[in-house]
Amino acid sequence: MSGKRLNNIFMIVAAAVIAFGAGVFFSDDIYARIAVNATALDKDQSQRYSEILEKISELDSVLDTYYLEADNIDPDEMMDNLYKGYLSGVDERYTAYYTPEEYEQLMNDSQGVYVGIGVTVTTDQETGNMVIVTVTEDGPGEAAGLLEGDTIISIEGESVQDMDLDTAVSKIQGEEGTEVTIGVYRESTGETLEKTMTRRKMDAQTVAYSMLEDNIGYIQITAFDEVTVEQFDNAVSDLQSQNIRGLIVDVRGNPGGNVDSVCSILDRLLPEGLLVYTIDKNGSKEEEYADNEEVLDIPMAVLVNGDSASASEIFAAALQDYDWAEIVGEQTYGKGIVQYIIPLSDGSAVKLTSAKYYTPNGECIHGIGVTPDVKVAADENSASDTQLEAAVSEVEKMLQSD
């Protein structure tokens, strides 16, 4: 068993070097061509890898000699945890290692179809806690009694305190028909609860819409997945058929998602021009443009809050920079960095931060967020949605001034 684990280490290190040396291509938004020169190891690197193998060999010897359940150790699981632990040394919440199964699940998630319990989670900026921000109607999570605002504290008995958000999501999701137990803390009651749910296939409905009074359209976007673009287009087209005069887009609680998707949606709204650009560690600049001749030139407002992050901030900032919409609500999360996901030769993958993104006016909002044009705090004691009411008021003012 000791030899098998050591051999696995050697093979994965070698495979990673080959994969990085060849370069990787991706077509999706947050993925880019990565070329890492790892075809040769210098003397210091070779020495370090030799020391790693020696240390693993020593640890294996201790396990085999003293550990009571040594014969039941799963070598593959040991290796997966080794890689996860290695990358945790980067000490940055967005860097993570994915097993082949986790990577496959992550790719499925980005398309908007998944097997899970029907909840959306985000990381609270101040506390670092994982918080449920939406619960899908008729989903397993709703049936089990999960509520928006619940803090996830464990998954299958494992604490999520030091767990990457994507890793946590991959653990919540899984094979259709299997069960998952989630531990949550409910601040409103002070309760700590455990809920066991049966995973099932969910079609992510990331867009909901309606027509408000005075023919003001309302569109809520809960995530920017691949399916979001078509869902948004359908919502706009339907509202236009009802003679929409103004529009409110609600991205409160939206943790972000696919940058290609948010740019496609902005392309439907804005005239031709720069939408966002990124700059990587080498100073290389990548720009995304709107090039659709069709625009939605009507009074518009965007609702944001402290849980509006990443792609949601790209959305709000672009509309703000072009003076195309009034941004209403609270300061956004402030995630102005981009993660690339790099697949390795064995089907696993690594996610890491590789660039900062900038608004059309050249602002990097990382650690700052997007500042609303109209600041309105959420009033939890009010029976009405005071932020939405403020957004409606802003659109009505624009309609009256036309």
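Is aspartate 150 buried or exposed? In this predicted model, aspartate 150 has a relative accessibility of 2%, and because buried means under 20% relative accessible area, aspartate 150 counts as buried. Its place in the chain is the loop between helix H5 (140-144) and strand E5 (151-155). Once neighbours within four places in sequence are left aside, the residues in contact with aspartate 150 are Met130, Val131, Ile132, Val184, Tyr185 and Arg186. With arginine 186 there is also a polar contact from side chain to side chain, at 2.8 Å.

Another aspartate is found at the start of helix H6, where a side-chain oxygen of aspartate 164 comes to within 3.1 Å of the backbone nitrogen of threonine 167. Helix H6 itself spans residues 165-172, and its buried residues are Thr167, Ala168, Ser170 and Ile172.

The next element to consider is a sheet. Six strands make up an open sheet with mixed pairing, arranged in the order E10-E11-E12-E15-E16-E19. Strand E10 (207-211) and strand E19 (374-375) each have a single partner strand and stand at the edges, so one side of each is left without a neighbour in the sheet. E10 and strand E11 (residues 216-221) run antiparallel and are joined by five bridges, and valine 207 has isoleucine 221 in E11 as its bridge partner. Helix H9 (residues 311-321) packs on this sheet, where it touches strand E12 (246-250), strand E15 (300-304) and strand E16 (326-329), and its direction makes about 145° with that of E15.

In one of them, the ring centres of tyrosine 83 and tyrosine 97 are 5.2 Å apart and the planes stand at 65°, so the pair is edge-to-face. Because tyrosine 83 belongs to helix H3 (residues 75-88) and tyrosine 97 to strand E1 (residues 96-98), this pair ties together parts that are 14 residues apart in sequence. Tyrosine 83 is buried, at a relative accessible area of 14%, and tyrosine 97 is buried as well, at 5%.

Tyrosine 277 and tyrosine 358 form a stacked pair, with 5.1 Å from centre to centre and 10° between the planes. This pair links distant parts of the chain, since tyrosine 277 lies in strand E13 (residues 273-280) and tyrosine 358 in strand E18 (residues 349-358), 81 residues apart. Both tyrosine 277 and tyrosine 358 are buried, and lysine 285 lies over the face of tyrosine 277, at 4.2 Å from the ring centre. Elsewhere, the charged end of lysine 335 sits over the ring of tyrosine 94, 4.8 Å from its centre.

How values were computed. Residues are numbered from 1 along each chain as its sequence is written. This is a predicted model: local features need pLDDT of at least 70, side-chain atom pairs count only at pLDDT 80 or more; totals for chains, interfaces and linings use all residues. Side-chain values use heavy atoms; hydrogens and water are left out. Buried means under 20% relative accessible area, exposed over 50%, partly exposed in between (1.4 Å probe, protein chains only). Helices (H or I, at least four residues) and strands (E, at least two) are DSSP runs, numbered from the N terminus. A polar contact is a pair of N or O atoms within 3.5 Å; within protein, one must be able to donate a hydrogen and the other to accept it, and residues adjacent in sequence count only if both atoms are side-chain atoms. Two strands pair if DSSP finds at least two bridges between them. Contact means heavy atoms within 4.5 Å. Axes are lines fitted to C-alpha atoms, for helices over the stretch in contact, and angles run from 0 to 180 degrees between N-to-C directions. Rings of Phe, Tyr and Trp (its six-membered ring) pair if their centres lie within 6.5 Å; planes under 30 degrees apart count as stacked, over 60 as edge-to-face and the rest as tilted. A charge sits over a ring if NZ of Lys or CZ of Arg is within 6 Å of the ring centre and within 35 degrees of the ring normal.
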